Amino acid sequence: MHNLIFSNKLSTRFTRHLLFWLTIIFFYTAQFCFEHFDFETGFFDNVLFALKYIPAKLFLSDIIFCYPVIYFLVPTLFLKKRYFLFSLTLIAFSVIVLVISDFYKYWYFQVPPNVLFHFIWGSIIEFVFAGPFAACGIFIIIKMLKSWYLKEEEKQILITANANAEIQLLKAQIHPHFLFNTLNNIYSFTLDKSPVAGDMVLQLSDMMRYMINDCDTPFVPLSKELKMMSDYIALEKVRYGNRLDLQIAITGETANKQITPLLMIPFLENCFKHGTSKMLRDAWIKVFIQADENVLHFTLANSKPADEFVNGKGGIGLNNVKKRLGLIYGADHLLTIESSINTFTVNMQIPLRAKGQYSARKEIIFEEYNKFENES
(Lines give C-alpha, C1' and ligand atoms only; values in the text may rest on other atoms or scores of the structure.)
Protein backbone atom coordinates (compact mmCIF):
# COMPACT_ATOMS: atom_id res chain seq x y z
CA MET A 1 0.00 0.00 0.00
CA HIS A 2 2.86 2.37 0.82
CA ASN A 3 4.40 1.67 -2.59
CA LEU A 4 1.05 2.19 -4.34
CA ILE A 5 0.53 5.58 -2.68
CA PHE A 6 4.05 7.03 -2.78
CA SER A 7 5.93 5.36 -5.64
CA ASN A 8 6.84 7.52 -8.64
CA LYS A 9 7.13 4.54 -10.97
CA LEU A 10 5.06 5.22 -14.10
CA SER A 11 2.97 2.04 -13.92
CA THR A 12 2.25 2.60 -10.22
CA ARG A 13 1.27 6.22 -10.81
CA PHE A 14 -1.09 5.14 -13.61
CA THR A 15 -2.69 2.55 -11.30
CA ARG A 16 -3.02 5.13 -8.54
CA HIS A 17 -4.75 7.66 -10.80
CA LEU A 18 -6.98 4.98 -12.32
CA LEU A 19 -8.16 3.90 -8.87
CA PHE A 20 -8.88 7.52 -7.99
CA TRP A 21 -11.07 8.08 -11.05
CA LEU A 22 -12.83 4.73 -10.63
CA THR A 23 -13.72 5.85 -7.11
CA ILE A 24 -15.07 9.13 -8.49
CA ILE A 25 -17.12 7.21 -11.09
CA PHE A 26 -18.59 5.04 -8.34
CA PHE A 27 -19.51 8.13 -6.30
CA TYR A 28 -21.04 9.96 -9.28
CA THR A 29 -22.98 6.85 -10.32
CA ALA A 30 -24.43 6.43 -6.83
CA GLN A 31 -25.30 10.14 -6.70
CA PHE A 32 -26.88 10.06 -10.15
CA CYS A 33 -29.00 6.99 -9.37
CA PHE A 34 -30.16 8.56 -6.12
CA GLU A 35 -31.23 11.81 -7.80
CA HIS A 36 -32.67 10.40 -11.05
CA PHE A 37 -33.85 6.92 -10.09
CA ASP A 38 -36.61 5.65 -12.38
CA PHE A 39 -38.89 3.35 -10.42
CA GLU A 40 -40.54 2.09 -13.59
CA THR A 41 -37.32 0.35 -14.64
CA GLY A 42 -35.13 -2.05 -12.71
CA PHE A 43 -32.12 -1.25 -10.57
CA PHE A 44 -29.57 -2.47 -13.10
CA ASP A 45 -31.23 -0.46 -15.87
CA ASN A 46 -30.79 2.69 -13.79
CA VAL A 47 -27.13 1.86 -13.11
CA LEU A 48 -26.53 1.08 -16.78
CA PHE A 49 -28.15 4.37 -17.82
CA ALA A 50 -25.89 6.22 -15.36
CA LEU A 51 -22.76 4.43 -16.59
CA LYS A 52 -23.51 5.47 -20.15
CA TYR A 53 -23.43 9.10 -19.04
CA ILE A 54 -20.99 9.36 -16.12
CA PRO A 55 -17.66 8.28 -17.74
CA ALA A 56 -18.08 10.63 -20.72
CA LYS A 57 -19.17 13.46 -18.43
CA LEU A 58 -16.20 12.71 -16.17
CA PHE A 59 -13.75 12.92 -19.06
CA LEU A 60 -15.31 16.06 -20.57
CA SER A 61 -15.35 17.93 -17.27
CA ASP A 62 -13.41 16.57 -14.27
CA ILE A 63 -10.42 14.97 -15.99
CA ILE A 64 -9.73 17.71 -18.55
CA PHE A 65 -10.16 20.25 -15.76
CA CYS A 66 -8.05 18.66 -12.98
CA TYR A 67 -4.83 17.80 -14.78
CA PRO A 68 -4.16 21.20 -16.43
CA VAL A 69 -5.02 22.99 -13.18
CA ILE A 70 -2.91 20.76 -10.92
CA TYR A 71 0.08 20.12 -13.16
CA PHE A 72 0.24 23.45 -15.03
CA LEU A 73 -1.68 26.35 -13.48
CA VAL A 74 -0.78 25.62 -9.85
CA PRO A 75 3.01 25.07 -10.31
CA THR A 76 3.55 27.75 -12.98
CA LEU A 77 1.30 30.50 -11.59
CA PHE A 78 -0.04 29.89 -8.09
CA LEU A 79 3.16 28.56 -6.50
CA LYS A 80 5.10 31.40 -8.09
CA LYS A 81 2.71 33.88 -6.43
CA ARG A 82 1.20 35.12 -9.68
CA TYR A 83 -2.21 35.06 -8.07
CA PHE A 84 -4.02 37.54 -10.33
CA LEU A 85 -3.01 35.76 -13.54
CA PHE A 86 -3.80 32.44 -11.90
CA SER A 87 -7.31 33.61 -10.99
CA LEU A 88 -8.05 34.95 -14.47
CA THR A 89 -6.74 31.81 -16.15
CA LEU A 90 -8.65 29.55 -13.76
CA ILE A 91 -11.93 31.42 -14.37
CA ALA A 92 -11.49 31.37 -18.14
CA PHE A 93 -10.58 27.70 -18.17
CA SER A 94 -13.50 26.88 -15.88
CA VAL A 95 -15.94 28.61 -18.25
CA ILE A 96 -14.56 26.64 -21.23
CA VAL A 97 -14.86 23.30 -19.42
CA LEU A 98 -18.32 24.23 -18.12
CA VAL A 99 -19.56 25.03 -21.65
CA ILE A 100 -18.19 21.72 -23.01
CA SER A 101 -19.72 19.76 -20.12
CA ASP A 102 -23.11 21.51 -20.37
CA PHE A 103 -23.26 21.03 -24.11
CA TYR A 104 -22.79 17.30 -23.70
CA LYS A 105 -25.30 17.14 -20.84
CA TYR A 106 -27.82 19.22 -22.81
CA TRP A 107 -27.45 16.89 -25.79
CA TYR A 108 -27.57 13.65 -23.80
CA PHE A 109 -30.71 14.48 -21.80
CA GLN A 110 -32.42 16.47 -24.56
CA VAL A 111 -33.17 19.36 -22.20
CA PRO A 112 -36.32 21.33 -23.17
CA PRO A 113 -35.70 25.02 -24.00
CA ASN A 114 -38.20 26.23 -21.38
CA VAL A 115 -36.00 24.94 -18.52
CA LEU A 116 -32.71 26.08 -20.05
CA PHE A 117 -32.09 28.76 -17.38
CA HIS A 118 -32.65 26.32 -14.52
CA PHE A 119 -30.47 23.78 -16.34
CA ILE A 120 -27.57 26.25 -16.67
CA TRP A 121 -27.87 27.42 -13.06
CA GLY A 122 -28.00 23.84 -11.76
CA SER A 123 -24.99 22.95 -13.91
CA ILE A 124 -22.95 25.83 -12.45
CA ILE A 125 -23.83 24.76 -8.88
CA GLU A 126 -22.94 21.16 -9.69
CA PHE A 127 -19.72 22.23 -11.43
CA VAL A 128 -18.50 24.10 -8.35
CA PHE A 129 -19.75 21.95 -5.46
CA ALA A 130 -20.14 18.43 -6.86
CA GLY A 131 -18.15 18.39 -10.10
CA PRO A 132 -14.70 19.34 -11.38
CA PHE A 133 -14.00 21.80 -8.54
CA ALA A 134 -14.81 19.17 -5.91
CA ALA A 135 -12.78 16.47 -7.70
CA CYS A 136 -9.89 18.89 -8.16
CA GLY A 137 -10.06 19.84 -4.47
CA ILE A 138 -9.89 16.19 -3.42
CA PHE A 139 -7.04 15.64 -5.88
CA ILE A 140 -5.09 18.59 -4.45
CA ILE A 141 -5.68 17.52 -0.83
CA ILE A 142 -4.39 14.02 -1.54
CA LYS A 143 -1.39 15.44 -3.37
CA MET A 144 -0.64 17.85 -0.51
CA LEU A 145 -0.86 15.07 2.08
CA LYS A 146 1.44 12.94 -0.05
CA SER A 147 3.94 15.79 -0.40
CA TRP A 148 3.79 16.49 3.34
CA TYR A 149 4.47 12.84 4.16
CA LEU A 150 7.40 12.65 1.74
CA LYS A 151 8.84 15.88 3.19
CA GLU A 152 8.55 14.47 6.71
CA GLU A 153 10.17 11.22 5.61
CA GLU A 154 12.98 13.13 3.90
CA LYS A 155 13.38 15.26 7.04
CA GLN A 156 13.65 12.10 9.15
CA ILE A 157 16.25 10.69 6.76
CA LEU A 158 18.31 13.88 7.07
CA ILE A 159 17.97 13.81 10.87
CA THR A 160 19.19 10.22 10.87
CA ALA A 161 22.02 11.16 8.51
CA ASN A 162 23.12 13.98 10.81
CA ALA A 163 22.85 11.71 13.83
CA ASN A 164 24.90 9.03 12.07
CA ALA A 165 27.54 11.60 11.12
CA GLU A 166 27.75 12.77 14.74
CA ILE A 167 27.97 9.16 15.96
CA GLN A 168 30.88 8.50 13.59
CA LEU A 169 32.60 11.65 14.85
CA LEU A 170 32.16 10.59 18.48
CA LYS A 171 33.50 7.11 17.70
CA ALA A 172 36.50 8.69 15.99
CA GLN A 173 37.15 10.70 19.15
CA ILE A 174 37.15 7.52 21.25
CA HIS A 175 39.95 5.93 19.22
CA PRO A 176 42.75 8.45 19.94
CA HIS A 177 41.58 8.88 23.55
CA PHE A 178 41.76 5.16 24.16
CA LEU A 179 45.00 4.76 22.19
CA PHE A 180 46.72 7.55 24.09
CA ASN A 181 46.05 5.96 27.48
CA THR A 182 47.04 2.44 26.39
CA LEU A 183 50.28 3.51 24.65
CA ASN A 184 51.34 5.26 27.84
CA ASN A 185 51.00 1.94 29.66
CA ILE A 186 53.08 0.09 27.05
CA TYR A 187 55.70 2.84 27.05
CA SER A 188 56.27 2.43 30.78
CA PHE A 189 57.16 -1.25 30.22
CA THR A 190 59.41 -0.58 27.25
CA LEU A 191 61.53 1.69 29.45
CA ASP A 192 62.18 -1.30 31.73
CA LYS A 193 62.76 -3.56 28.69
CA SER A 194 60.10 -5.92 29.99
CA PRO A 195 59.05 -8.86 27.73
CA VAL A 196 55.48 -8.12 28.74
CA ALA A 197 55.55 -5.14 26.37
CA GLY A 198 55.54 -7.42 23.32
CA ASP A 199 52.40 -9.26 24.49
CA MET A 200 50.76 -5.94 25.23
CA VAL A 201 51.50 -4.70 21.72
CA LEU A 202 49.78 -7.81 20.28
CA GLN A 203 46.75 -7.29 22.48
CA LEU A 204 46.62 -3.64 21.50
CA SER A 205 46.90 -4.66 17.85
CA ASP A 206 43.88 -6.96 18.21
CA MET A 207 41.87 -4.18 19.83
CA MET A 208 42.78 -1.62 17.19
CA ARG A 209 41.93 -4.10 14.42
CA TYR A 210 38.53 -4.59 16.03
CA MET A 211 37.91 -0.86 16.37
CA ILE A 212 39.00 -0.04 12.84
CA ASN A 213 37.48 -2.98 10.94
CA ASP A 214 34.49 -4.17 12.96
CA CYS A 215 33.28 -0.97 14.59
CA ASP A 216 32.56 0.69 11.25
CA THR A 217 29.01 -0.74 11.40
CA PRO A 218 26.07 0.33 13.59
CA PHE A 219 26.05 -3.01 15.41
CA VAL A 220 28.69 -5.62 16.29
CA PRO A 221 28.49 -9.07 17.92
CA LEU A 222 28.29 -8.79 21.69
CA SER A 223 30.94 -11.51 22.02
CA LYS A 224 33.48 -9.40 20.11
CA GLU A 225 32.74 -6.35 22.24
CA LEU A 226 33.27 -8.41 25.41
CA LYS A 227 36.52 -9.85 23.98
CA MET A 228 37.77 -6.33 23.31
CA MET A 229 36.96 -5.34 26.90
CA SER A 230 38.80 -8.41 28.22
CA ASP A 231 41.90 -7.46 26.22
CA TYR A 232 41.76 -3.94 27.59
CA ILE A 233 41.39 -5.16 31.16
CA ALA A 234 44.29 -7.58 30.65
CA LEU A 235 46.49 -4.67 29.53
CA GLU A 236 45.58 -2.65 32.61
CA LYS A 237 46.06 -5.61 34.99
CA VAL A 238 49.64 -5.99 33.76
CA ARG A 239 50.26 -2.40 34.72
CA TYR A 240 48.77 -2.56 38.22
CA GLY A 241 49.50 -6.18 39.16
CA ASN A 242 48.44 -7.22 42.67
CA ARG A 243 47.75 -3.63 43.62
CA LEU A 244 44.32 -3.96 41.96
CA ASP A 245 41.44 -6.16 43.11
CA LEU A 246 39.49 -6.78 39.92
CA GLN A 247 36.25 -8.78 39.86
CA ILE A 248 34.36 -9.51 36.62
CA ALA A 249 31.09 -11.42 36.24
CA ILE A 250 29.42 -12.05 32.88
CA THR A 251 26.13 -13.96 32.82
CA GLY A 252 23.41 -14.71 30.30
CA GLU A 253 23.47 -15.77 26.66
CA THR A 254 25.94 -13.61 24.71
CA ALA A 255 25.96 -15.59 21.45
CA ASN A 256 24.01 -14.29 18.44
CA LYS A 257 23.43 -10.95 20.15
CA GLN A 258 24.45 -7.58 18.75
CA ILE A 259 25.24 -4.26 20.38
CA THR A 260 26.36 -0.78 19.41
CA PRO A 261 30.19 -0.83 19.60
CA LEU A 262 32.44 1.00 22.06
CA LEU A 263 29.83 1.93 24.65
CA MET A 264 31.33 0.18 27.70
CA ILE A 265 35.05 0.82 27.10
CA PRO A 266 34.93 4.55 28.05
CA PHE A 267 33.54 3.62 31.48
CA LEU A 268 36.42 1.20 32.00
CA GLU A 269 38.89 3.87 30.91
CA ASN A 270 37.31 6.30 33.33
CA CYS A 271 37.53 3.97 36.33
CA PHE A 272 41.23 3.32 35.70
CA LYS A 273 42.07 6.94 34.96
CA HIS A 274 40.19 8.59 37.86
CA GLY A 275 40.13 5.66 40.27
CA THR A 276 42.83 3.00 40.20
CA SER A 277 45.63 5.23 38.92
CA LYS A 278 45.04 7.64 41.83
CA MET A 279 44.92 4.93 44.55
CA LEU A 280 48.13 3.97 46.33
CA ARG A 281 46.49 0.89 47.89
CA ASP A 282 43.16 -0.91 48.23
CA ALA A 283 42.17 -0.16 44.63
CA TRP A 284 39.26 -2.26 43.40
CA ILE A 285 36.99 -2.55 40.36
CA LYS A 286 33.83 -4.62 40.04
CA VAL A 287 32.22 -5.27 36.65
CA PHE A 288 28.89 -7.04 36.25
CA ILE A 289 27.40 -7.75 32.81
CA GLN A 290 24.18 -9.64 32.27
CA ALA A 291 22.77 -10.35 28.81
CA ASP A 292 19.03 -10.94 28.90
CA GLU A 293 17.03 -11.77 25.81
CA ASN A 294 16.56 -8.14 24.73
CA VAL A 295 18.46 -6.03 27.29
CA LEU A 296 22.07 -5.74 28.38
CA HIS A 297 22.68 -4.79 32.02
CA PHE A 298 26.06 -3.23 32.69
CA THR A 299 27.21 -2.24 36.18
CA LEU A 300 30.66 -0.94 37.00
CA ALA A 301 31.85 0.22 40.41
CA ASN A 302 35.34 1.33 41.35
CA SER A 303 37.20 2.85 44.24
CA LYS A 304 38.45 6.40 44.08
CA PRO A 305 40.31 8.76 46.38
CA ALA A 306 38.15 10.86 48.65
CA ASP A 307 39.61 14.05 47.19
CA GLU A 308 38.94 12.99 43.56
CA PHE A 309 35.93 15.10 42.61
CA VAL A 310 33.67 13.47 40.04
CA ASN A 311 30.31 15.14 39.43
CA GLY A 312 28.90 12.60 36.99
CA LYS A 313 29.44 14.76 33.96
CA GLY A 314 32.74 13.10 33.10
CA GLY A 315 35.33 13.96 30.53
CA ILE A 316 35.55 13.37 26.80
CA GLY A 317 34.90 9.62 27.00
CA LEU A 318 31.82 9.75 29.24
CA ASN A 319 30.30 12.70 27.40
CA ASN A 320 30.74 10.87 24.11
CA VAL A 321 28.98 7.80 25.45
CA LYS A 322 26.06 9.90 26.72
CA LYS A 323 25.67 11.59 23.35
CA ARG A 324 25.88 8.31 21.45
CA LEU A 325 23.33 6.66 23.74
CA GLY A 326 20.92 9.54 23.16
CA LEU A 327 21.42 9.54 19.40
CA ILE A 328 21.16 5.77 18.94
CA TYR A 329 18.67 4.61 21.57
CA GLY A 330 16.80 7.77 22.56
CA ALA A 331 14.49 6.98 25.49
CA ASP A 332 15.09 3.22 25.14
CA HIS A 333 18.18 3.24 27.33
CA LEU A 334 18.94 3.83 31.01
CA LEU A 335 22.13 5.40 32.35
CA THR A 336 22.79 6.42 35.95
CA ILE A 337 26.12 7.65 37.29
CA GLU A 338 26.65 7.99 41.04
CA SER A 339 29.67 9.33 42.87
CA SER A 340 30.15 9.03 46.61
CA ILE A 341 33.18 9.79 48.77
CA ASN A 342 35.09 6.61 47.92
CA THR A 343 33.06 4.95 45.16
CA PHE A 344 32.10 5.69 41.58
CA THR A 345 29.25 3.62 40.12
CA VAL A 346 27.78 3.33 36.62
CA ASN A 347 24.55 1.49 35.78
CA MET A 348 23.54 1.16 32.13
CA GLN A 349 20.78 -0.73 30.37
CA ILE A 350 20.65 -0.82 26.59
CA PRO A 351 18.62 -2.86 24.09
CA LEU A 352 20.12 -5.97 22.56
CA ARG A 353 19.08 -7.31 19.21
CA ALA A 354 19.35 -10.74 17.68
CA LYS A 355 21.72 -11.17 14.76
CA GLY A 356 20.03 -10.09 11.52
CA GLN A 357 17.09 -8.50 13.34
CA TYR A 358 15.57 -5.26 11.95
CA SER A 359 13.35 -4.18 14.78
CA ALA A 360 13.93 -0.44 14.97
CA ARG A 361 12.47 2.17 12.64
CA LYS A 362 15.74 4.09 12.87
CA GLU A 363 17.59 1.22 11.16
CA ILE A 364 15.08 1.24 8.30
CA ILE A 365 15.47 4.98 7.89
CA PHE A 366 19.24 4.55 8.02
CA GLU A 367 19.00 2.13 5.07
CA GLU A 368 16.72 4.56 3.24
CA TYR A 369 19.26 7.32 3.82
CA ASN A 370 22.05 5.19 2.34
CA LYS A 371 19.89 4.48 -0.69
CA PHE A 372 18.99 8.18 -0.96
CA GLU A 373 22.69 9.14 -0.70
CA ASN A 374 23.70 6.63 -3.39
CA GLU A 375 21.01 7.85 -5.77
CA SER A 376 22.07 11.45 -5.18
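Rings of Phe, Tyr and Trp (for Trp, the six-membered ring) count as a pair if their centres lie within 6.5 Å; planes under 30 degrees apart make the pair stacked, over 60 edge-to-face, and the rest tilted. By this rule the count comes to 15 aromatic pairs. Take Tyr-67 and Phe-139: their ring centres are 5.6 Å apart and the planes sit at 80°, so this pair is edge-to-face. The pair ties together distant parts of the chain, with Tyr-67 in helix α3 (residues 43-78) and Phe-139 in helix α6 (residues 132-191), 72 residues apart. (Helices here are DSSP runs of H or I, at least four residues, numbered from the N terminus.)

Before going on, bear in mind that this is a predicted model: local features need pLDDT of at least 70 and side-chain atom pairs count only at pLDDT 80 or more, while totals for chains, interfaces and linings use all residues. Residues are numbered from 1 along each chain as its sequence is written, and side-chain values use heavy atoms, with hydrogens and water left out.

Back to that pair. Phe-139 is buried at 8% relative accessibility, whereas Tyr-67 is partly exposed at 24% (buried is under 20% relative accessible area, exposed over 50%, partly exposed in between, with a 1.4 Å probe and protein chains only). Both rings also belong to one aromatic cluster, together with Phe-20, Trp-21 and Tyr-71.

Tyr-104 and Trp-107 make a tilted pair, 6.0 Å centre to centre with 40° between the planes. They are three residues apart in helix α4 (residues 83-109), so about one helical turn separates them. Tyr-104 is buried at 14%, but Trp-107 is exposed at 53%.

Now for the charges. Side chains of opposite charge can pair when their charged atoms come close. A salt bridge here is a side-chain nitrogen of Lys or Arg within 4 Å of a carboxyl oxygen of Asp or Glu, and a search of the whole structure finds two.

| Salt bridge | N to O distance | Helix |
|---|---|---|
| Asp-206 and Arg-209 | 3.0 Å | α7 (residues 196-214) |
| Asp-231 and Lys-227 | 2.8 Å | α8 (residues 222-240) |

Asp-206 is partly exposed at 37%, and Arg-209 is partly exposed too, at 45%.

Some charges sit over rings instead, meaning NZ of Lys or CZ of Arg is within 6 Å of the ring centre and within 35 degrees of the ring normal. Lys-286 has its charged end over the ring of Trp-284, 5.4 Å from the centre. Arg-353 does likewise with Phe-219, at 4.3 Å.

Key: Helices (H or I, at least four residues) and strands (E, at least two) are DSSP runs, numbered from the N terminus.
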